[in-house]
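I opened this model to look up a few points and wrote them down as I went. The entries follow in the order of looking.

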Amino acid sequence: MNDIVRTVDLSKRFRSTVVLDCLNMAVPEGSVYGLVGPNGAGKTTTLQILVNIRRPSAGTAEIFGHDSRQMSPCDFAQIGYVAENQELPDWMTVQGFLRYLKPFYPTWDSARAAELLHQFDLPPNRKLRHLSRGMRMKAALASSLAYRPRLLVLDEPFSGLDSLVRDELIEGILDGAEGATIRISSHDLGEIESFASHIGYLDRGRLQFSEEMSSLTERFREIEIVTATAADIPTNWPSSWLNKEHSDSVVRFIDTQFEQERTMAQVDRLFQNPKKSRLGRCLCAPFL
Amino acid sequence: MRQTLHIFRKDIRHLRYEIAAALLIAAAFAFAGARRARDFSEPGANQGFAWGLLLFLLPLAWWILIARVVHDEPLPGDRQFWVTRPYAWKSLLGAKALFIAVFVHLPLLVADAVIIQAYGFSPIHQLTGLLWTQVLLAAAFVLPVAALSTLTAGLLQLVLTSLAFSIAVLLYNLSAPLLHRYAFWPELEWMRIYSALLLVVAASVPIIVWQYARRKTTSTRTIGVAATLLVLFGVPALPWTTAFAIQSRLPSKRVDLSSIQIAFDSNRKWAARALFQGKDQVRIELPLEITGIPSGTEVKPDGLTVNIEAAGVRSWRADRTPWTYFENEWNATSLDTAVDTGWYRQIRNEPVTFRGSLYLTLYGDGRTTVIPFQSRSVLVPNVGLCSAGPGPGMGNGAVFCSSGFRPRRDLISFSFIPAVQDGSRTRTGQSRLEFLSYSPFPAGLSLEPVTQFFSFNTEPGAFAGAAVQTLEPLAHIRREFEIRDIRLRDFEVRLTPIH
């Protein structure tokens, strides 16, 4: 698979604050890449650099093999970008907005645009300023799907939306962006884990990992141990065990490098005679 | 081009009310301006409140229009939808330029043409003035407002920035005279204006282009602030002598100036004086004689610099605003400067040398045009259209002239021709217009396409007509002079109060 997005040692600093620190990542074509991380991790900045809203302080970001700083209108004609708090031309109606954008895109599909309006239940003659937050996101999404972009970049698209609208949007994205590469950022993994094929985890400007969802779910396990007596809390925890908790005879943690034999051997070594161990498949949002 | 027109059409749709308001004000401006032409023979009657209001409203409407059209795709910030859409920056900039050309420049061009036509000028003959007005509109108004708009994200931010800018200019203007930094240069003021405009254009164009091409708001804002400081502090620092030197290098008519000399005017020795003014100052006046003036020409001094030197004493230099160091009345020119009393006391008994430069403009190619009373307007070359008549409420004769665009460069003199000419009645009511501009450009920095001026005669009698004499500036020259062995004590004047 070709990489449609690639960053090499991408860094961004605002005066003395380092927002991105040597970010190296690749997004394969056709994937749904979820960039997750806590607030302030640098997700939005990363996406803004990709679509040339911001310029990197160092390193490069490439889309379709072109440096993001040199992106041409032709490149933008293949990219859909939707972000929370994006300022739309509020004075336009939904229909007027789509009609205005049409000549910018050689691949604009009017039938598809009409279909999206219908699918998202958007009132065509209502001005954008009179739409609710969810409706505005839908309008922005419809305007980014009508030309079948090769790459769809979504920055916190579900932030502040109720679950019903979120589900509608996800459905719209999955239906509308068929064949497209989707790059989506979220601070809540739970929002995107159901449809992301790849996950990158960004924390304080550093990419902690970036891999396929399937290998990630194999690697991350929640482990709960019940001991016969009140557990002696060990001090020499393996570094790959995170979110460690305990209550009397119950100890719970997440192993981020799970391999059954090795993990169980470690459990046996640290806990004397565990009565029972429970291994749960987990790519849990609370952890991330 | 297709994208440019597409964005242009969108802007028209969105800003239709602002466009309508601006066009309405431009139409009112044309109408009122044309009407002023009708009231032309009654100076004062046409300086109405409505005209003044229009001169305020028209730039205000343009200011709003330019800001709104630029802000329709705001450049600073990272949330605007259009930055991630396939906009070509040249198309976007082209659409905004087209909008401003159609709804700001074109209406003014039409309004100006209507107004000058109403005054009796042919718009074709005034084409250079019409077009140069457009250039000045772009340089002095459109470009800076557009540049400021590209640096701000919305109208509120623009208003606040403009207010801050206006307050800075106001504070500067209030403090500049106290600092002796700014003095009005009558004929050469145009050079300071054009220096400022050049800076404004030199900053505005890169700001606009760079903002549209790269959206580097921090860098472009720095350029904006630097240009503002340069205009406020750099332009007033331009020395008058440099301005005159530039002026003298501009193309002028070939005249042999080698014979012109400056010397002490011994025939007017009586006019020399060292006059005590209070305790601190002594005003020194020295009559100067300008000789060797080519026949058929006149000279008008524009400025003077001088060093007053005496043995063993530091010299006194007067050159900061050279045009303030001379007095000129008709053909009599005097050096006129004030020195410290302390310094004066050191040299009053010594022979001193006045060494300096006199800056002169030579006028010639005189033309006289006679305007019969109560006839139609007559075209006076280098002036405009003039008519003469009894002049209601202003004596027995009046000449009214209207000038299209260009500020006056020629020396203009008026006189009135008696109805019956005999030995006892010659031309009367001679007057001359001051406040010229040496600007070589075909229009000035004013929204009014026509300037009006008049002269009237209160002497009794009937007049057959008026004569308008013009003298064209031919060359600007600087002549050195040296006047030796003047003992200022010989010319001392101490005024005492009369009880």
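**Entry 1: a helix end in chain B**

I began just after H7(B), where Arg215(B) takes a positive phi of about 55°. The model is predicted, and I keep that in mind for every value below. I then went back along the helix itself. H7 of chain B covers residues 189-214, which is 26 residues. From its first C-alpha to its last it reaches 37 Å, close to the 38 Å expected at 1.5 Å a residue.

**Entry 2: the four-stranded sheet**

Next I looked up a sheet in chain B. I find an open sheet of four strands, in the order S9-S10-S11-S14, with antiparallel pairing. Which strands stand at the edges? They are S9 (378-380) and S14 (450-457) of chain B; each has a single partner strand, so one side of each is left without a neighbour in the sheet. I noted the twist as well, which averages 30° from one strand to the next.

S9(B) pairs with S10(B), residues 384-389, in the antiparallel sense over three bridges. For Leu379(B), the bridge partner in S10(B) is Leu385(B).

**Entry 3: chain A against chain B**

I turned to the interface. I count 29 residues of chain A in contact with 20 residues of chain B. The area buried between the two chains is about 2,200 Å², and carbon and sulfur atoms give 59% of that.

For charged pairs, the rule finds one salt bridge across the interface of chain A and chain B. I looked up a salt bridge between Asp78(B) and Arg54(A), where the closest N and O atoms are 2.4 Å apart. For polar contacts between chain A and chain B, my count is eight residue pairs, with both residues at pLDDT 80 or more.

Last, I checked which elements of chain A face chain B. H2 (73-76), S6 (79-83), H3 (94-101) and H5 (133-145) of chain A each supply at least two residues of the side that touches chain B. H3(A) gives the most to that side, with four residues.

Terms used: Residues numbered from 1 in each chain as written. Chains lettered and ligands numbered in written order. Predicted model: local features only at pLDDT ≥ 70, side-chain atom pairs only at ≥ 80, totals over all residues. Heavy atoms only, no water. Expected span 1.5 Å × (residues − 1). Pairing = 2+ DSSP bridges. Axes fitted to C-alpha atoms, helices over the stretch in contact; angles between N-to-C directions. Contact = heavy atoms within 4.5 Å. Buried area = accessible area lost by both parts, 1.4 Å probe. Salt bridge = Lys/Arg side-chain N within 4 Å of Asp/Glu carboxyl O. Polar contact = N/O pair within 3.5 Å; in protein donor to acceptor, adjacent residues only side chain to side chain.
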